[in-house]
Amino acid sequence: MLSINDLIGLLEGHFREISVKKSEDFVFSKRDEAFLIKKGEVLSYGKRNLTQLMGQNDPIGFSETILARDHTLRYRRVSDLEILGFSGSQIRNEVNSAGVTIKSLIQYSLSRIFENKKSKSHQLFEEGFIHKNIKYLRTLKFDDGDYIFQSGSPSRFMYFIDKGSIRLLTKNEKDFKVLNTGESFGEASLFLGKERDLGAVAIGETTLHAIDADKVSPEIEKDSPLVQLSLFCVLKRLELMNKLTAADG
């Protein structure tokens, strides 16, 4: 599990501390920076104006900054803010130079956030981590309709689909997304140390490789604190988008 406070401590001197009044003219998307909320609250707007209240340690703009793209969420401050600002160019340089495991996790999560179906990031993760560590991973087999986990259950593993497909379900048991061979799931709640927001059910005969945090964390910890923070922030954004998408359904 990533410790956000430890990472911020290691990055002391590599960000700027910004105080923003609720009434002040401050537009997050006009700067080549990514932000982390330290105090205060922001309301984010997704598709169809669905909203999510964001607070301490929630990220703003990390995902867009890594890809150097325009913001897809809109923000409205609901209080005065204290935020940390991180250089966009430095984030991109360090993520682009990162090890294959953390880089592929970041890229795969970004492809999920922005629905980029052409992304090859899951292949990088398979070749760079799965194949090298296969003897240390648990291989699990499921029949059609078997639950891998249910919404609200504790997060013990992330999963890589070796064969078959997985249907992700909302808390109300509605279809959320279908994932296929070569894709992974469950990483956000595992690394953020949270209960599962979604459930997962096998479609047909399905084989998974279960990866616990102890197996993948040493690979992640080889990279710089800024890259680790970027992974944390991208996973937080993926969690936010999943909640918005589930609410939209």
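Predicted model: local features only at pLDDT ≥ 70, side-chain atom pairs only at ≥ 80, totals over all residues.
Phe26, Phe28, Phe35 and Tyr75 are joined into a cluster by ring pairs. In total, the structure holds twelve aromatic pairs. One of them is formed by Phe26 and Phe35, whose ring centres are 5.8 Å apart and whose planes meet at 75°. Planes over 60 degrees apart count as edge-to-face, so the pair of Phe26 and Phe35 is edge-to-face.

Both partners of this pair can also be described by their accessibility. Residues under 20% relative accessible area count as buried. Phe26 has 9% relative accessibility and therefore counts as buried. Phe35, at 1%, counts as buried too.

A further pair is made by Phe149 and Phe185. The centres of these two rings are 5.9 Å apart, and their planes stand at 40°, so the pair is tilted. This pair links distant parts of the chain. Phe149 belongs to strand β9 (residues 147-149), whereas Phe185 belongs to strand β12 (residues 184-185), and the two are 36 residues apart. Phe149 and Phe185 are both buried.

In general, a pair of aromatic rings is described by two values, the distance of the centres and the angle of the planes.

Arg31 is placed over the face of Phe26, at 4.0 Å from the ring centre. Elsewhere, Arg69 lies over the face of Phe114, at 4.0 Å from the ring centre.

Key
Residues numbered from 1 in each chain as written. Heavy atoms only, no water. Phe/Tyr/Trp six-rings, centres within 6.5 Å; stacked < 30°, edge-to-face > 60°. Buried < 20%, exposed > 50% of the residue type's maximum accessible area, 1.4 Å probe, protein only. Helix = DSSP H or I, 4+ residues; strand = E, 2+ residues; numbered from the N terminus. Lys NZ or Arg CZ within 6 Å of the ring centre and 35° of its normal.
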